[in-house]
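Have a look at it first, and then we'll go through a few of its parts together.

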Amino acid sequence: MQTLIENLVNAGTFGKNASVVAAIVIFVLSAVVFLGVAFPFAGIVSWVERRVWARIQSRVGPNRVGPNGFLQWLADGVKHVCKEDIIPDDSDPTLFKTAPYLVVLAFVLPWAVMPFSSSLILADLNVGILYMTSVTALTVVGVLMAGWASNDKWSLIGGIRSAAQIVSYEIPAGLSIFPVVLMTGTLSMQGIIRAQGWAPQHWFLFANPFTFIAANILYISALAEGNRTPFDLPEAESELVAGFATEYSGMRYLFFFMAEWGNLFIIGAIITTLFLGGWQCPHITKNVVLMNVLQLIVFNVKVLALVFLSMWIRATLPRVRIDQLMLLCWKYFVPISFVDMIGTAVWVAIWPDGNAFMGYIMLAGAIVVAVLFIQRVIFYLRRSRMEMYFNPTI
Amino acid sequence: MSGVSDYVQNIKETVSTIFEGMAITASHFMRKPYTVQYPDRMAVRVQDTLPFRYRGILEVDLEICTGCLACERLCPIDCITIVADKDPVTKQLLLSQFDIDIAKCMYCGLCSEPCPTGSIHHTTEFEGADYSLESLIRRFVKDPVIAYKPKKGPETDQRIAPILNRGMAYLDQWAIPGSDAEAKAAADKAAAETAAPGEPS
């Protein structure tokens, strides 16, 4: 992106105040393009998620608005815009109004370092992954602010639970990033992706046993930070009405959930970048544009697979209790991620260029687990005496 | 030492139970949903799957109504209103009103039992929702009609015969509850004849 700007400026496209105009034009354009992807994505994910849960629960899900219910998210959006925007009398109006925007900001900012392809990235910061984790942690400010400003027991408990949860899970998440940083020696998103290969055995997921565990811990911690279902205590309906969003209505309420659904993409992008080889794909063509399109597709397929996985987990696991949540974080994830970090350090000290043989062993192990899993799925399908049936357009 | 083994055991259990749970949900993801998408996305209308003697909304075949008023007299909640007068000129029974208030009807079926021709009968239609009580009153007589006069032999009029057959089948099934299959066959035949009245039976 920066090279593109420099080329345009050198070509004299923007006249005298070239650098300023170019910067403004390019960044406004890219903001429009990227956010034009981000917000519809959050909406479409809400529809996909409802369809996926429905199918897992032997229901059909929303299928009336538009083809197969595809426009359900637009209908929901229009409905929320038309709703009255209630601000409670006893609330703190300024904080109450600001909170949803902070949460959305935490969802919007990571898109600046989202590595879609080898050249399609807004800003390849040299502290990219650090920036990513720090701006996503901004959610906690918005959520706590919403909980406090609502002046309501449920909101406050929800906000405080969310703060405790996000701050706790930042630690294993941060520690799980270290193994990758140790192996690559860079924090830049592009640098980390370039250190991996397109083939699965060259991904950091299968680099050594420690990174495999780190990837799992990071994914689960990211789900906890994004308030996703096994860890959605801040908005536990059975005990807290809607948690920190209890007093919100209309568009402000929607903002929280838009950020939640949009965060799925960011969670997927972090895991893809760090452990799944990012946009790496085989060099099958010399055409730069075509290559970038291929990389964009590869990256998005990986991210969307992880988004689907999170929906699947949400439909499978019940909500944990607050003590179980803290136990999982402090007694399991934190010590294990410390062991991971030290293990990776030792591994890197022994094999500075990585152990290629280990990649194949880990990949073979993963394939064995996947085959066992498919066997179990077929076992359950057979036991129900039902034909395997896969038709998303019902 | 037991602390460490418990710790490892917990991790093992967590991973294996999540593995199993995810397999179950994945298998459910690949099954057909149980949802019946009533009313508009069904292979067969619900009304067509119901039995012949299902007590749905009442209907009157005016062609075979004798104007005997048996149904009006038996109705426990007076939801049927019939006006039948003798025409002073032609000396024929003239039906000028036959209203059934569906809002009042409790689907007891007492009206259809004494009917000599099976003219008043329940249909399999049950979707009666409407915007006003007034429109729930079914008015079967548009213009005054002459009441049906039963003949001694079989019915000869090609237009009325299938309707009468259907009505009698309806009554027979009430009288002989065991003859379900026969009555259904007869009803199907009668319905087919009603659909194509021109063909000789």
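Is the crossing of helix 9 of chain A and helix 13 of chain A left-handed or right-handed? It's left-handed. Keep in mind that this is a predicted model, with an ipTM of 0.80 and a pTM of 0.79.

Two packed helices are described by the angle between their axes and the distance between the axes. Here are both pairs side by side.

| Helix pair | Angle between axes | Axis distance |
|---|---|---|
| Helix 9 (residues 209-225) and helix 13 (residues 322-350) of chain A | roughly 145 degrees | within 9 Å |
| Helix 7 (residues 153-184) and helix 13 of chain A | about 15 degrees | 8 Å |

With an angle of about 15 degrees, helix 7 of chain A is roughly parallel to helix 13 of chain A, because angles under 35 degrees count that way. The crossing of helix 7 with helix 13 in chain A is left-handed. Sort the residues of that contact by class and you get 19 nonpolar, five polar and two charged.

Now, how do the two chains touch? On the chain A side, 20 residues are in contact with 18 residues of chain B. Helix 2 (18-56), helix 12 (288-316) and helix 14 (356-383) of chain A each give two or more residues to that side. The largest share, five residues, comes from helix 14 of chain A. By class, the chain A side has 14 nonpolar, three polar and three charged residues.

Over in chain B, there's a hairpin to find. Strand 2 (residues 80-86) and strand 3 (residues 93-101) of chain B run antiparallel, joined by seven bridges. Thr81(B) sits opposite Asp99(B) in strand 3 of chain B. Six residues lie between the two strands, and Lys91(B) in the turn has a positive phi of about 60 degrees.

How far can you trust chain B? Its mean pLDDT is 82, with 86% of its residues at 70 or more. Within chain B, confidence is highest in strand 1 (residues 58-60), at 90, and lowest in helix 5 (residues 180-195), at a mean of 63.

Technical notes. Residues are numbered from 1 along each chain as its sequence is written. Chains are lettered from A and ligands numbered from 1 in the order in which they are written. This is a predicted model: local features need pLDDT of at least 70, side-chain atom pairs count only at pLDDT 80 or more; totals for chains, interfaces and linings use all residues. pLDDT is the predictor's confidence in each residue, from 0 to 100. Helices (H or I, at least four residues) and strands (E, at least two) are DSSP runs, numbered from the N terminus. Axes are lines fitted to C-alpha atoms, for helices over the stretch in contact, and angles run from 0 to 180 degrees between N-to-C directions. A crossing is left-handed if the near helix is turned anticlockwise from the far one by less than a right angle, and right-handed if clockwise. Two strands pair if DSSP finds at least two bridges between them. Two residues are in contact if their C-beta atoms, placed from the backbone, lie within 7 Å. Ala, Val, Leu, Ile, Met, Phe, Trp, Tyr, Cys and Pro count as nonpolar, Asp, Glu, Lys and Arg as charged, and the others, Gly among them, as polar. Angles under 35 degrees count as roughly parallel, over 145 as roughly antiparallel, 65 to 115 as roughly perpendicular and the rest as oblique.
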